[in-house]
Amino acid sequence: MDLCDSKCMLDLIIERKSDLARLESLDCGKPLDESAWDMDDVAGCFEYFADLAESLDKKQNAPVSLPMENFKCYLRKEPIGVVGLITPWNYPLLMATWKVAPALAAGCTAVLKPSELASVTCLELADVCKEVGLPSGVLNIVTGLGPEAGAPLSSHPGVDKVAFTGSYETGKKIMAAAAPMVKPVSLELGGKSPIVVFDDVDIEKAVEWTLFGCFWTNGQICSATSRLILHKNISKEFQERMVAWAKNIKVSDPLEEGCRLGPVVSEGQYEKIKKFVSTAKSQGATVLTGGVRPKHLEKGFYIEPTIITDVDTSMQIWREEVFGPVLCVKEFSTEDEAIELANDTHYGLAGAVLSGDRERCQRLTEEIDAGIIWVNCSQPCFCQAPWGGNKRSGFGRELGEGGIDNYLSVKQVTEYASDEPWGWYKSPSKL
């Protein structure tokens, strides 16, 4: 993508921010204030990768130091080709931008397949691209259901690479479809991330970060720190304060001023979340608060912010991703126990540790097996820092300086630079 095109896209997104934010909230249910924040991040992401594209041009043909003086070597980074980009419904335009911006900055052409549950703002992105003069065919947006619109991108011989954000189960299918052609894929999949809270925290601050880490984006975020691992010394007080804070969260129409929790994205997701809560209760867990429709909202897929305790590590609520505003709580006594509980998951996207002891925080950042660790906070995300997970949360990293590398192929060029013959074989005698 031309740097000017990307800067123009930045300007247009800022100009349309209020309209795009409103469409995003109407389409996926997130609070309008969150959607507006997302649009700022969309603009910032295009600007960031435009700058990286410019620096990439300056770094082309970078020399490689060799041990033999009669050879010279340099590296080229070239666009990988046509890329298929499959994105989710929880951050429709932002997750698309995380892929579209670096792909175009790398010089690739792209086919974007947004989620069928929330595609509107991605179609608006097509209008933005058209308005700034992006050549026809550089970015193509295909809407539809996964099996008909998404699956062909994984198996089509004309697509050189696939980048996907979504569920673990769908990620496995994409890998299998790409495997016969040894097509590269990058995957950002689900999570069941821990937040470890020690007994030396400021409880009020820690409670807010804990709830924000799980209930932000209506709880529908793959990095949600939905497993609270709480020191037993503060457990009773902490849980009481969490319930008080949770009951104070404004659940409303996402366009209503001050909304902090909107409806979940669909009826299917709504029923799935309710099933998780009822299963937890049937397995012996206790619902401290929430788990039901708010009394003041008779229509829509609304669920009160939910906190579940008396959780065993074998329970579904501990092991599986809910993707809704549901937090489960388990106590610990020692640091080693906290680390063991934190890593008791097939996933490894993110994790958080809250403590006043910096050395302890450092130890846990090293011990928790995840691609992203937050210290005394949860969920901050910046396009300058790499994003991605371990284990069943996928592989590859988006964002950051390496984010553009997902869409580049490295070519080594080595030249024999001596005037002398190579001299390995004996020259045949001349007649």
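Me: What should I know before I start reading?
Reply: The model is predicted, so local features need pLDDT of at least 70 and side-chain atom pairs count only at pLDDT 80 or more, while totals for chains, interfaces and linings use all residues. Residues are numbered from 1 along each chain as its sequence is written, and side-chain values use heavy atoms, with hydrogens and water left out.

Me: Where do glutamate 131 and arginine 16 lie?
Reply: Glutamate 131 sits in helix H5 (residues 120–132), and arginine 16 is in the loop between helix H1 (3–15) and helix H2 (17–28), so the pair ties together parts 115 residues apart in sequence. Helices here are DSSP runs (H or I, at least four residues), strands are runs of E (at least two), and both are numbered from the N terminus.

Me: Is arginine 16 buried or exposed?
Reply: Buried means under 20% relative accessible area, exposed means over 50%, and partly exposed is in between (1.4 Å probe, protein chains only). Arginine 16, at 19% relative accessibility, counts as buried.

Me: Which residue does lysine 99 meet in a salt bridge?
Reply: Lysine 99 pairs with glutamate 398, at 2.8 Å from N to O. This pair links distant parts of the chain: lysine 99 belongs to helix H4 (residues 92–105), while glutamate 398 is in the loop between strand E17 (394–395) and E18, 299 residues apart. Lysine 99 is buried, with a relative accessible area of 1%, and glutamate 398 is buried as well, at 7%.

Me: What about glutamate 116 and lysine 113?
Reply: Their side chains also meet in a salt bridge, 3.0 Å from N to O. Glutamate 116 is partly exposed, with a relative accessible area of 42%, whereas lysine 113 is buried, at 4%. Elsewhere, salt bridges that share partners join Asp200, Glu335, Arg360 and Arg363 into one network.

Me: Which residues lie nearest the centre of the largest pocket?
Reply: Phe164, Gly166, Ser167, Tyr168 and Thr170 do, out of 38 lining residues. The pocket has a volume of about 1000 Å³, where a volume is the space filled by probe spheres set on grid points joined across faces, edges and corners. Helix H6 (146–155), strand E6 (161–165), helix H7 (168–178) and helix H10 (267–282) each give two or more residues to its lining. H7 provides the largest share, six residues.

Me: What lines the second largest cavity?
Reply: Its lining includes Lys99 and Glu398, along with Phe164 and Trp387. This cavity holds about 60 Å³ of space, and E7 gives the largest share of its lining, three residues.

Me: Where is glycine 191?
Reply: Glycine 191 is in the loop between strand E7 (185–188) and strand E8 (194–197), and is buried, with a relative accessible area of 3%. Gly191 is among the residues lining the largest cavity, which holds about 70 Å³ of space.

Me: Which strand holds tyrosine 416?
Reply: Tyrosine 416 lies in strand E18 (residues 408–416). With a relative accessible area of 31%, tyrosine 416 is partly exposed.

Key. Salt bridge = Lys/Arg side-chain N within 4 Å of Asp/Glu carboxyl O. 1 Å grid on protein atoms, 1.4 Å probe; cavity = no way out; pocket = protein on both sides within 12 Å on 5 of 7 lines; lining within 4 Å.
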